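This report is meant for a reader who is meeting the structure below for the first time.

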Amino acid sequence: MAKKEVNPLIWDEIEKCPTDENIKSFIKELLLFERRHINEKSPPYSKEYDKLIEKYSKDGGGNK
Amino acid sequence: MKIYKIELENYRQYNGEHTIELSTEDAHSLNIILGANGVGKTNLLNAINWCLYGDEPSLEKTRLELQQCIANEKELAEKEQVVVRVGISIGDEQPEYHFERTICMGGNPIDFEEQRKYWRVACLEGRNWRSYNGVDWKNMTQFNNIVSEILPGGIRSFFFFDGERLDDFFRKGMEHEVKKAIIKVCQIELLDRCIDRLTIKSREITKRFTGASSSVADINKGIETLIQSKKGIEQEIKDLDRKITEATNNKEDVVDKLRKCGEYNVQEVQMERDELERGVKGIDKKIEVKEREIKRHFASGIVFIFGFDALEKTYELIDQRKKGIKQPRIPPDIRDKFLRDLLAYHRCICGTELPEGSSQRESIEKLLDSVKFTSKISDDADEGYYKIANILEGCKKFKSEREKLEKEYRDMHEERKKKDQRLKEISEKLKGIPADEIQNLEILRNSFEDEIRMCIGERSQKELQLQNVEDKIKIKNAELRKEIEKDKTQKKLRLKLELCDKSIEVLNEIKEKVVEEVREKVEQKTKEYFFDLHWKKEDFKDVNINENYEISVLGQLGSERLGSLSAGERQILALSFMAALSTVSGFKAPVVIDTPLGRISGEPKEKIAQSLPNYLEDSQLTLLITDQEYTPTVRNCMKDRVGKEFELQYDEAEMNTEIVELGGDE
């Protein structure tokens, strides 16, 4: 899904945020998932979140 | 987002099938629909609302009452059963959604539940249309969800704009809806969802540490209990919020009825009460600010408050000794420094030698013993004397500043008391009017107000409880993190937990910044447009939008003017707000305005005609307009942006309105 589909204000704020790139990428992926399922009251988020947490915590999580 | 097409079938005065294809070209996205009063302009706006939201906000009817009056009368008289249908195609670059709502009238009455099967939404997915027919609640939810995503109902009155319902804008209770809708159009709910889900995941991960040590298990158990208690309190707060909203709406409905009451000067009295209530709200805010100011001031001068008496006494004592009123005098007659110098030089100032062991030297050493203590005190007292003088000066300033703040605070309370008194008198006056209806309305209003007050009080207590539980959770979480840190065996889980915790922190920071940025920009743009459009800008000083999206318009002397704005001015404020929202959020709703210039006269009309399409340059704008509004000058101002012009022509014999597209130069 294209970046433009999440409000640019949010996207810009993530870019500006003085945190490491690993966290930024993780948050972006979460937002894109939520954006895709914005119309669903209870999307099947659990597996997707587990997958992303697994992926981004491999190389040191928030300490990269 | 643009409206490509509106289809009407037997909807009110639109007998048979009618289609309007609006202009969607970016450079010419202004559509004009011209019509005399009563030919169906407002009903076109009603049709859009009915199709998308299932109601018509301009009519205070229930859904069932509404269904009974939206069919074309002639058709209903002639046929046993009439299909009423409104379809709207919407999209950005092309029609991406087609919404359709249909009901059957006449013949056997169809109950409301049965109507669901006639609701339909079609979405373009790839190259194919996917259609959801309203056969069950799931699909109806789909319909509502899609509408709420692309054109949120909460702020529809800012893009489907009814000139006759201007008083609804910025009315009490509306700000909550506006805030909710802004959070939606700015996608802040995406951040909320991520935070909520990561919090759940973080809890799941910490629970997996249970086996590591018994203290971890105990802390986890404690947290779980606290979380349950938190959930309970949150639910109670939600229930109270719902009660407050209901009671506020009910009170507002009662007040509306009182406002419309033509007898016994009720209208005037209600208007005075509206003004007083606005005043009370303003004073309450000022009192809150003043309380904070007093607290800050108190904290900054705490030393003055508790030390003043002691400092003043010290100053007085030193002063008396310095002046010789009290003994021993300071400084003493002979300073120790002089005596020390004599002993160091072994010679007195009279020339007498002072060798070691001499009787003269011993005399001076004795003298030194007797003054050295008072000399030291004297030096310290001297230094302290000037320091204390400065502090006492600060004390006096602090005291006078405190008196000033307290006086302002008392005056505010006095003003509020007077307004409260007047509000009570008004209520008694209304209750004393010899008309049952008015008395009952007043009693009802007071009971709603009591309910609101009670719920607000209860809510504050619950919020304190919630804060308390949240603090306890934080402490427990910190304990848990420490314990987890000790356990070096589960590195992977620790990394996951760190990732979740850090991300929640970052998401909260981002949310706070985005919410504030949106509010600031909406405020700034609303103000800019309002001052640009207003014909008497010198009467106003500022337009503010607070964190709850309550709007205030300040006059030159700083007084609240929102309640006394004319209909035309309110229209301008609403237009400015909508344009600001559109600019800031990137949310480009198609704007449809009924009688846009109806309440504005003369020159300002042309100014608005010229400026409005510019503010909404990225939005499709459709104006439902009368001849009186669409003067040659106005038309000339708009001509560069106009894509299509239509005229509504009513045929009385056929009870039908035809939609005729006009040629470019007509």
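The model shown here is predicted, and the values below are computed from it. Over all chains, the number of salt bridges comes to 64.

| Salt bridge | Distance, N to O |
|---|---|
| Arg193(B) and Glu34(A) | 3.8 Å |
| Glu236(B) and Lys462(B) | 3.1 Å |
| Glu408(B) and Lys290(B) | 2.7 Å |

**A pair between chains**

Arg193(B) and Glu34(A) meet through their side chains in a salt bridge at 3.8 Å. Because Arg193(B) belongs to helix H6 (residues 188-207) of chain B while Glu34(A) belongs to helix H2 (residues 21-36) of chain A, this pair joins two chains. Arg193(B) has a relative accessibility of 15% and counts as buried, and Glu34(A), with a relative accessible area of 0%, is buried as well.

**Pairs within chain B**

The salt bridge of Glu236(B) with Lys462(B), at 3.1 Å, runs between helix H7 (residues 214-260), which holds Glu236(B), and helix H12 (residues 436-486), which holds Lys462(B), so it ties together parts of chain B that are 226 residues apart in sequence. Glu236(B) counts as partly exposed, its relative accessibility being 37%, whereas Lys462(B) is buried, with a relative accessible area of 15%.

Glu408(B) and Lys290(B) form a salt bridge at 2.7 Å, and this pair links distant parts of the chain, with Glu408(B) in helix H11 (residues 359-431) of chain B and Lys290(B) in helix H8 (residues 266-300) of chain B, 118 residues apart.

**The cysteines**

How many disulfides does the structure hold over all chains? The count is zero. Among the cysteines, Cys186(B) is buried, with a relative accessible area of 0%, and Cys455(B) likewise counts as buried, at 2% relative accessibility.

Technical notes
Residues numbered from 1 in each chain as written. Chains lettered and ligands numbered in written order. Predicted model: local features only at pLDDT ≥ 70, side-chain atom pairs only at ≥ 80, totals over all residues. Heavy atoms only, no water. Salt bridge = Lys/Arg side-chain N within 4 Å of Asp/Glu carboxyl O. Helix = DSSP H or I, 4+ residues; strand = E, 2+ residues; numbered from the N terminus. Buried < 20%, exposed > 50% of the residue type's maximum accessible area, 1.4 Å probe, protein only. Disulfide = S-S within 2.5 Å.
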